[in-house]
Amino acid sequence: MTASTERRIEDVNVIVSGQGGDGSLTVSTILADLLRQRGLNVYTERDVLSRIKGGVAVAGLRASRDVRFGRGDHVELVVSFDLEGIEKMVTQLAPDAVVVYDDSDVPMPAGLLPANVRLFAAPFARLAVRKLGRILYKNSIAVALATRSLGIADDDVRHGFEQRFNRLGPAILGQNLQALDLGFELAEEMGLSAGHDTVEQDGRPEGQLQITGNQAAALGFIAGGGRFFAGYPITPATEILESLEGWLPDFGGVVWQAEDELASVNMAIGAALAGVRAMTSTSGPGIALMQEGIGHAGSAEIPLVVVDCQRGGPSTGLPTKPEQSDLNMMAFGGNGDFPRIVLNPGDPGDCFELTVEALNLAERFQCPVYLALDQALSQNLATIAPFDLDAVTVDRGKRLSAEQLASMSEYRRYAFSDDGVSAYSVAGTPGGMSLVTGNERDEFGRVSTSPENRARMVEKRAQKIESARADLPRGRRTGDPGATLGLIGVGSAYGVLLEAMEELEAGGVSTRLLQPRTVFPVLDETLEFITSCERVYVVEHNATGQLAGIIAQGGGDTKRMRKVLRYDGLPLRPGDIAREIIERESL
Amino acid sequence: MTETFPLAEPIWCAGCGHFSVLSALDAAFDRLDVPRHEAMVLAGIGCSGTIQNHVTAYGYHALHGRVLPAAAGAKLANPSLTVIAAGGDGDGLAIGGGHLLHAFRTNPGITYIMMNNGTYGLTKGQASPSSQLGFHGATEGRAADPIMLGLSLPGTTFLARGYSGDAAQLATLTDAAIRHSQAGKGFAFLDVISPCVAYNDRYHNWRARLCDLDTVDGYDPRDRTAAFSLAAALEAEGKKPTGLVYEGEGLALEAALGAAPADANIDPAANMPAVRELMDSFRG
Ligand SMILES: Cc1ncc(C[n+]2csc(CCOP(=O)(O)OP(=O)(O)O)c2C)c(N)n1
Ligand code: SF4
Ligand SMILES: [Mg+2]
């Protein structure tokens with residue numbers, strides 16, 4: 001092969017669509033592995049309906065030289081086992097896209113695909129049954145066509161199959177290799193090839209992680225010394241519970257699937273009283289149920305970390321789709337005034353770091369700390385640099401040891417102090433017996449309705465947030481420091497905005513971005529970012545602009561703020577955002 | 001000695017059954033030599049939910065109905081603690097009733113004392129799930145019996161019933177319940193008939209309706225079926241058994257989960273090698 005025929009894949013988006021539960025989505029996993037082995041950063045997206053069998057299930061895969069935290073605007077390759085999948089996809093196809101289609105059941109209707117899209121249709125399922133005796137092998141036939149179109153050498157694919165199917169025994173491996181050859185033959189007959197082989201990418205650092213936000217948060221919990229976790233299954237938070245069930249016992253910790261979210265949050269509170277770093281995770285409906293418990297932790301001054309993997313609301317809403325519509329509930333939910341902190345990671349690395357930080361903040365300021373993820377950040381796999389484990393610290397705040405207690409003449413659990421933070425002692429520590437309550441109480445924890453005491457206690461709790469401000473996680477910034485146009489986004493919007501900025505730049509609009517990692521309380525850096533811009537687009541995944549509202553309530557200059565909203569259940573896409581901003585800027 | 005919180009004066013009405021529960025519990029810690037810093041008293045919300053204010057221990061006032069999950073969380077986090085949950089019948093049978101089922105089922109090593117007065121004392125006398133038929137507001141639906149519920153579940157390991165009017169029996173049962181949990185056998189449930197003199201004063205009425213199991217010839221608290229039959233037969237006569245109703249063998253949840261004492265080493269230096277190994281499993 002000569003240098004001129006070499007092609008580097010810079011950025012390719014693949015969609016695999018089939019019936020949920022028939023194994024077709026493994027095609028996406030196999031392609032992801034092959035592309036990753038060639039040195040590309042891989043991002044995979046799940047779009048599975050909330051049921052296992054039946055219903056169209058779509059997997060998205062993006063392989064790119066740059067690190068990406070979202071799918072691109074166009075799809076270059078579609079592998080589909082049903083027509084519905086293609087119909088859903090038509091408007092997203094790149095002009096020269098390749099469509100590999102199993103027409104065993106329904107032939108491709110004329111005129112559905114745009115003119116320049118290349119269609120390679122064959123009855124994979126029927127071929128699989130006829131030649132290999134099992135419908136399942138349709139997937140391996142399709143892999144062959146897909147890898148041909150991506151320009152991955154046939155032998156690399158065979159080698160990948162050997163690695164993947166070896167453990168299932170020689171018979172299954174053999175059948176899959178036969179299916180693959182069948183696919184290669186088909187590709188030959190139909191004249192499907194990339195025209196050249198792609199080559200290995202170079203320059204990517206070794207040892208990158210392939211990890212989801214949920215897995216990263218679970219890992220951060222363990223690294224940060226979390227040793228008690230209670231949860232109740234709910235999409236898209238379940239992987240945190242499941243990952244920790246697998247890992248935490250080896251670290252001497254306890255994981256418990258509770259009977260409901262009321263139990264999980266109160267179990268975490270009980271564990272915290274016994275001095276163990278505790279967390280629970282759920283999604284919107286569970287957060288709604290936990291409001292009383294979270295407010296109680298705020299009142300009674302109990303350290304608690306709560307992960308909200310947000311999904312489409314309201315109520316049971318769109319249970320498997322991304323949205324960022326619990327931000328108001330986290331910032332303002334619950335009865336009464338109580339201190340709370342809301343942290344917003346923007347990628348899996350952030351999920352790790354901020355979970356560690358949340359555990360520290362919860363104990364230092366003895367209050368609930370939310371970690372706000374969203375479905376896309378929670379569940380999609382991204383390629384990222386390994387976490388900096390050496391940077392992990394454990395700060396238990398004003399926790400009293402038995403020795404410290406012994407040297408004190410008196411211990412008041414809710415003692416007034418300049419920073420609002422009282423020293424605390426946990427059950428089991430000699431000399432530190434105390435009363436902890438969500439009722440208003442005096443410094444000893446005895447219920448009190450005295451107006452003077454009440455006012456001071458309210459102020460003491462509020463003071464904790466002021467004291468915390470200086471240490472709350474700062475946001476990440478990128479872009480042209482001289483740009484007058486600002487962008488703000490959190491969660492999965494962060495990665496999408498990074499890419500939208502490139503498209504804006506290409507369209508002649510220069511921007512800079514702030515990803516606030518602390519959304520509540522609103523930090524000065526966020527307010528200053530806004531006043532340093534002429535206009536700031538706050539990009540978020542909800543219908544009412546909750547993030548913009550929180551920032552405005554925290555003092556953000558609303559005259560400069562503009563909302564960019566999405567609430568149709570689809571992930572944020574860089575092109576849509578760039579287009580909308582360019583349009584609004586040219587008015 | 002560090003001065004910690006001064007015990008509060010009880011807010012209870014003179015003659016309230018809850019006083020007896022408090023005396024039995026406070027004395028049990030001494031009788032069983034439980035160091036006070038290793039004891040936790042978690043209480044629900046209600047008149048009953050103030051009991052922790054009068055005991056030297058780590059006291060906690062849980063949310064209404066949530067005392068069981070909080071207590072189980074504390075025990076799983078530090079199995080060496082002696083964990084007592086206490087609360088009313090409204091707290092434990094109405095708003096928190098779901099958790100009672102799961103405590104029987106999963107058997108965490110905590111002692112739960114239900115201070116059962118058949119009414120909502122604190123909110124001034126509304127009907128509760130254990131109100132007797134005829135109690136105002138309870139004209140529909142028959143009283144729920146938490147011991148019958150416990151007997152119906154195969155995970156249950158300890159059931160006893162005391163009466164505020166019988167201090168000696170209550171002391172014995174409180175000790176036995178705490179010992180059961182301390183021995184790693186799991187969830188000990190003690191129902192205490194603890195009349196509310198303000199809204200449901202039934203001292204006169206209860207004494208004749210209680211059947212002390214110590215006086216029943218050949219009663220075997222290890223026989224769940226017989227225990228259920230007798231309780232059901234007594235119920236048909238408007239009576240209830242008191243004493244040790246059932247004690248079975250069981251493995252406490254914390255033991256089943258292999259829960260370690262609080263705070264396995266979380267210092268980053270000690271923690272990080274294994275974390276690094278776990279992280280490395282995500283390398284592509
Ligand atoms: C979520 C919630 N709902 C309602 C209440 C009001 N409330 C306080 S105590 C109580 C009932 C107490 O009855 P019980 O548990 O039987 O205790 P008792 O006062 O009889 O000892 C209620 C309904 C509350 N505190 N929290
Ligand atoms: S109202 Fe009833 S339960 Fe409450 S203290 Fe008075 S007697 Fe006891
Ligand atoms: Mg009651």
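Predicted model: local features only at pLDDT ≥ 70, side-chain atom pairs only at ≥ 80, totals over all residues.
Local features are taken at pLDDT of at least 70 and side-chain atom pairs at pLDDT 80 or more, while totals for chains, interfaces and linings use all residues. Residues are numbered from 1 along each chain as its sequence is written, chains are lettered from A and ligands numbered from 1 in the order in which they are written, and side-chain values use heavy atoms, with hydrogens and water left out.

Let's start inside chain A. Contact (heavy atoms within 4.5 Å) links 25 residues of domain 2 of chain A with 25 residues of domain 4 of chain A. Together these two domains bury about 2000 Å², 53% of it on carbon and sulfur atoms; buried area is the accessible area (1.4 Å probe) that two parts lose on being put together, summed over both.

Four salt bridges (a side-chain nitrogen of Lys or Arg within 4 Å of a carboxyl oxygen of Asp or Glu) are counted between domain 2 and domain 4 of chain A. A:Arg517 pairs up with A:Glu353 in a salt bridge, with 3.4 Å between the closest N and O atoms. On the side of domain 2 of chain A that touches domain 4 of chain A, H11(A) gives the most, with four residues. Helices (H or I, at least four residues) and strands (E, at least two) are DSSP runs, numbered from the N terminus.

Now for the two chains. Chain B brings 53 residues to the contact and chain A brings 68. About 5200 Å² is buried between them, and carbon and sulfur atoms give 69% of that. B:Tyr58, B:Ile266 and B:Phe282 supply 14% of the area that chain B buries against chain A, more than any other three residues. The count between chain B and chain A is one salt bridge: B:Arg276 meets A:Asp390 at 3.4 Å, N to O.
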